[in-house]
Amino acid sequence: MNTVLSILRDRFAGAILDHVEFRGEQTVIVEKAKARDILRYCRDELGFDYLIDVSSLDHLGSEPRWEMVYELYALGNGARHHLRLKYSFPEGEKADSVSEIWPTAGWHEREVYDMMGIEFEGLADHRRILMWEGYPYFPLRKDFPLAGRPSEMPEVAFTNRAPLAGGPFVTSPTAATTVHREPRSREMD
Amino acid sequence: MPETIEQHAAYDSKIEGNIIFTKVDTAINWMRKNSLWPMPMGLACCAIELMGTGASRFDIARFGAEVMRFSPRQSDVMIVAGTVTYKMALAVKRVWDQMPGPKWCIAMGACASSGGMYRSYAVLQGIDNLIPVDVYVSGCPPRPEALLEGLMKLQDKIAKSQSAVAHFNSEKSA
């Protein structure tokens, strides 16, 4: 697996910013400008023929705000290699679409756009995928309240704030005892 | 030529045993409650229990409600089984509006009744925000027995309704 990393290091010397290995999982953090080239190289030359997932992170309050995550997998020749690729970029910039490299990326990127509001350069079908066209918010952004916001599109759809009655039930995975780790209602907003 | 005798059905000794006296309401309600054709609005996991209710082990046919109609025009009771998202909500409302009266609605499970665990931007907090619900069935999802209990509650409700009066009132207002 480390051969993949060394190949990438040789080929895209300056664009590989960091590398994390955790329990055999390889994560490569790359530069945004070169991300599409690296992903294309991964598929064409390194055999990562399967794009498992495209997702995004919202680092609200720190810069740069957005982070894209690509999960790659190599199925050919009996190989079972996984590679995670990440890059960050600030608000206002568009991400690069990889839907021309893996057609399946189209739907993943539409979901990222729908939930996070990240737009994609080169995505042919740039519509929402889960919420309806005309819904004014991007609900998985960190500054979107958990209960939702009211919206209204006559004849199409509407949304309301959900009553949270004592706050949402959330777990505290790091709490000391099981009693405190269990889901409890917490005041939010 | 034999003499014609004016006969009243009730006094005809030959068919007397086949005559039942009842109230119009009772007769109508009896027919309605034992032939409830459901509109299965299966939206999430509750729909699986709804299917189980329709299958042989629980056998919703015992209550005359086995004829699942996938056309709202032929349905009497809408069983909203599952999470109603805002995206689906107006479609559910439209299907409900297409059902001819008299019609009833069963909100099956926590999601359809109140949004359930989905206190979220995407989920309608109870189908009763859009359409009138007759019976709420609790559970996540409810077991088939619970749905059948809800159906029997609905039958009780129908048995108590004043169908004829409602019909004449609607004629008067129309």
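**Note on a predicted two-chain model**

1. The model is a predicted one.

2. Helix α3(A) is largely enclosed by the rest of the structure, because 9 of its 12 residues are buried. These buried residues are Ala105(A), Gly106(A), His108(A), Glu109(A), Arg110(A), Val112(A), Tyr113(A), Met115(A) and Met116(A). The partners against which the buried residues of α3(A) pack are β3 (50–58) and β7 (120–121) of chain A.

3. Just after α3(A) comes Gly117(A), which takes a positive phi of about 80 degrees.

4. In chain B, helix α1 (residues 24–33) and helix α5 (residues 144–160) have axes that come within 8 Å and cross at roughly 160 degrees. Since an angle over 145 degrees counts as roughly antiparallel, α1(B) and α5(B) are therefore roughly antiparallel to each other. The crossing of α1(B) past α5(B) is right-handed.

5. Where these two helices meet, α1(B) contributes Asn29(B), Arg32(B) and Lys33(B), while α5(B) contributes Gln155(B), Ile158(B) and Ala159(B). The residues of this contact divide into 2 nonpolar, 2 polar and 2 charged.

6. Between the chains, 13 residues of chain A are in contact with 8 residues of chain B. On the side of chain A that touches chain B, 10 residues are nonpolar, 2 are polar and 1 is charged.

Conventions:
Residues are numbered from 1 along each chain as its sequence is written. Chains are lettered from A and ligands numbered from 1 in the order in which they are written. This is a predicted model: local features need pLDDT of at least 70, side-chain atom pairs count only at pLDDT 80 or more; totals for chains, interfaces and linings use all residues. Two residues are in contact if their C-beta atoms, placed from the backbone, lie within 7 Å. Ala, Val, Leu, Ile, Met, Phe, Trp, Tyr, Cys and Pro count as nonpolar, Asp, Glu, Lys and Arg as charged, and the others, Gly among them, as polar. A residue is buried if 20 or more other C-beta atoms lie within 10 Å of its own, exposed if 12 or fewer, and partly exposed in between; C-beta atoms are placed from the backbone. Helices (H or I, at least four residues) and strands (E, at least two) are DSSP runs, numbered from the N terminus. Axes are lines fitted to C-alpha atoms, for helices over the stretch in contact, and angles run from 0 to 180 degrees between N-to-C directions. Angles under 35 degrees count as roughly parallel, over 145 as roughly antiparallel, 65 to 115 as roughly perpendicular and the rest as oblique. A crossing is left-handed if the near helix is turned anticlockwise from the far one by less than a right angle, and right-handed if clockwise.
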